[in-house]
Amino acid sequence: MARPDPHSYNDSTQPETETLDWKARVDFRTHRLHAEATLTLKEASAGPLDLDTRDLEILRVVDGNGRPLPYMLAPPEPILGSRLRVELPSGVRQLTVHYRTSPTASALQWLTPSQTAGGQHPFLYSQCQAIHARSVVPLQDTPRIRIRYRASLRVPKALKAVMAASFVRREEHGVEAEEHYEMPQPVPPYLLAFAVGSLAPKELGPRSRVWAEPELLEDAAEEFSGVDDMLRAAESLFGPYDWERFDLLTMPPSFPYGGMENPRLTFLTPTLIAGDKSLVNVVAHELAHSWTGNLVTNASAEHFWLNEGFTVFAERRILEALAGPEVAALNAALGRRALDEALHHFREHPHLTALRTHLTGVDPDEAFSQIPYEKGYLFLRAMEDAVGREAFDGFLRRYLATYRFRALTTEEFIAFTERELPGVLAKVDAEAYLQRPGVPASAPSPRSSRLEALQRARGTVPSVEAAKDWTPAEWQLFLEWMPSDAPRDLFRQLDERFAFTRSRNSEVLVAWLVAALRAGWGPAVGRTEAFLGEVGRMKYLKPLYGVLAASREHRALARSLFKQYGERYHPIARQGVELILSRA
Ligand code: BES
Ligand code: ZN
């Protein structure tokens with residue numbers, strides 16, 4: 001027996017899944033999917049086949065001819081879920097599992113009409129990364145095993161079902177509609193994704209449209225109108241786009257992430273709709289995953305930096321190409337701030353601050369931080385600085401060509417880099433990034449004249465004149481750099497002059513609220529309460545609940561807000577906040 005991924009029951013001596021045929025009926029009344037999953041294996045081989053499941057109710061398992069197959073569902077293990085072991089007789093290459101999901105499936109969020117913009121229809125969506133696909137489909141839930149799939153979703157006729165796949169057709173049967181999709185390119189299971197709700201499309205360019213609730217559609221289309229330019233900039237950097245379409249889905253506000261790179265259909269938080277395109281770096285990030293992550297994939301959560309570090313690097317290259325080096329440098333400075341914060345947060349778990357992690361017994365959602373993103377970025381920047389941009393771009397292209405539609409480990413990355421750029425790893429002290437905690441002193445640091453000006457403004461109330469052309473990213477940095485002993489009165493003056501409490505830019509707003517709450521500036525509390533009732537993005541929930549829970553004055557408020565609003569958050573976000581409150 002060999003289990004190469006600590007977060008999967010997959011045994012690498014067993015046959016791998018080649019394709020999945022998935023049919024599900026979405027039941028908004030019971031919050032369940034009634035489903036069947038047919039797995040076709042790459043080869044027939046008699047013996048046990050181990051699948052990952054979480055909270056699935058297995059009804060029966062049959063072979064390709066409908067004959068029952070013996071199976072055993074093991075008791076659940078807290079992180080991995082339950083192993084479903086099916087005994088395959090010789091010659092059997094196909095099996096079908098009939099099952100239903102749990103109303104508390106960790107990947108799914110079921111929203112009431114009142115949790116949507118329109119207020120009329122319910123909404124359902126999935127979020128499978130890192131190991132939640134198993135709560136929706138029984139499968140080998142490891143990114144080492146890529147699958148092609150066909151899927152059909154039966155939903156109430158008033159609703160639209162979208163999937164991160166290619167649309168085939170919609171059929172209507174009585175009060176229901178059946179939407180068919182297929183994913184012809186092999187993808188890791190964490191990229192399986194769908195959403196069901198009152199959704200309408202608007203074209204953005206020859207390869208892109210945006211989906212949103214009708215109430216949000218115009219604003220979303222305006223915010224994301226630059227997507228085609230982004231796509232072309234990315235192709236000129238990383239080579240042809242392999243996924244045909246790059247569509248966007250504007251999620252309800254409870255979506256726990258800023259964005260999720262589901263292939264052909266990136267999921268985006270509505271908090272990106274700031275009205276001025278100032279947060280579209282998140283779109284650049286998810287687009288960049290089309291190369292780094294979706295094409296070349298981390299072999300497990302222990303190598304997550306290969307997905308995210310490369311993607312942050314690629315995101316900033318796209319940004320630089322479209323908006324110039326100053327904008328990219330500001331984003332890198334925000335990244336460095338977030339990295340320092342994360343290093344502080346994990347100070348008692350330094351092993352989680354190396355890029356190459358060891359996660360046996362650790363939930364990937366709990367290990368999640370900005371470290372793989374920003375330390376990974378610094379590492380790749382250091383390599384680029386060491387060999388020069390031209391050589392590094394060539395390296396990147398060869399890396400993408402070599403590993404396309406495959407998964408790799410950090411160790412394979414090291415071997416590849418030694419071959420392609422001999423000596424560079426030693427030169428940048430790769431060991432320090434990959435295997436050791438913290439950030440090496442030699443790490444590149446972003447520099448720009450605008451950054452220097454901001455540094456000089458630290459802890460002051462700038463004049464309207466001095467700050468008249470600051471971008472939202474600069475305001476965010478200004479607020480995040482606020483000295484921790486800044487007096488309350490400074491916050492009153494700042495808000496009077498710049499009205500942060502009313503900011504439409506969620507990054508600026510949250511940076512403001514966190515700084516103001518930390519300083520004990522009372523008027524920030526009301527806005528924070530309202531925000532926590534609307535938005536479920538973890539990037540915001542964690543610092544806001546964190547800063548409330550850290551103050552003796554507001555700890556009880558944090559608990560009561562969570563009691564009131566917890567139900568509105570996605571299960572992953574709920575778990576994240578619970579952890580923060582339990583440690584406070
Ligand atoms: N793939 C991630 C989101 C994710 C990571 C979901 C791990 C589940 C487990 C996505 O690409 C991402 O990184 N989103 C960021 C965007 C940012 C870095 C621009 C986010 O949500 O904030
Ligand atoms: Zn990402």
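1. H285 is buried, at 8% relative accessibility, and H289 is buried too, at 0%. Buried here means under 20% relative accessible area, exposed over 50%, and partly exposed in between, with a 1.4 Å probe and protein chains only. This is a predicted model, in which local features need pLDDT of at least 70, side-chain atom pairs count only at pLDDT 80 or more, and totals for chains, interfaces and linings use all residues. Residues are numbered from 1 along each chain as its sequence is written, chains are lettered from A and ligands numbered from 1 in the order written, and side-chain values use heavy atoms, without hydrogens or water.

2. The zinc ion (ligand 2) is coordinated by NE2 of H285, NE2 of H289 and OE atoms of E308, at 2.0 to 2.7 Å. Along the chain the donors are spaced H-x3-H-x18-E. Donors are N, O and S atoms within 2.8 Å of the metal (3.2 Å for Na, K and Ca); water is not among the atoms, so the site may look incomplete.

3. Why is the arrangement around the zinc ion (ligand 2) irregular? Its six donor atoms subtend angles of 53 to 160°. Six donors count as octahedral if opposite donors are over 155 degrees apart and all others between 65 and 115.

4. E286 is found in helix α3 (residues 281-288); helices are DSSP runs of H or I with at least four residues, strands are runs of E with at least two, and both are numbered from the N terminus. E286 is buried yet has no salt bridge, and the nearest side chain of opposite charge, R537, is 7.6 Å away. Lys and Arg count as positive and Asp and Glu as negative, while His and the chain ends are not counted. A polar atom of the E286 side chain lies 3.3 Å from the backbone nitrogen of E261.

5. The structure holds 44 salt bridges, each a side-chain nitrogen of Lys or Arg within 4 Å of a carboxyl oxygen of Asp or Glu. One of them joins R100 and E57 at 2.8 Å, N to O. R100 lies in strand β7 (residues 94-100) and E57 in strand β4 (residues 57-63), so this pair ties together parts 43 residues apart in sequence. R100 is partly exposed at 26%, as is E57 at 33%.

6. K160 forms a salt bridge with E179, the closest N and O atoms being 2.9 Å apart. K160 is buried at 14% and E179 is buried at 0%.

Technical notes. Tetrahedral: all angles 85-135°; square planar, octahedral: opposite > 155°, others 65-115°. Polar contact = N/O pair within 3.5 Å; in protein donor to acceptor, adjacent residues only side chain to side chain.
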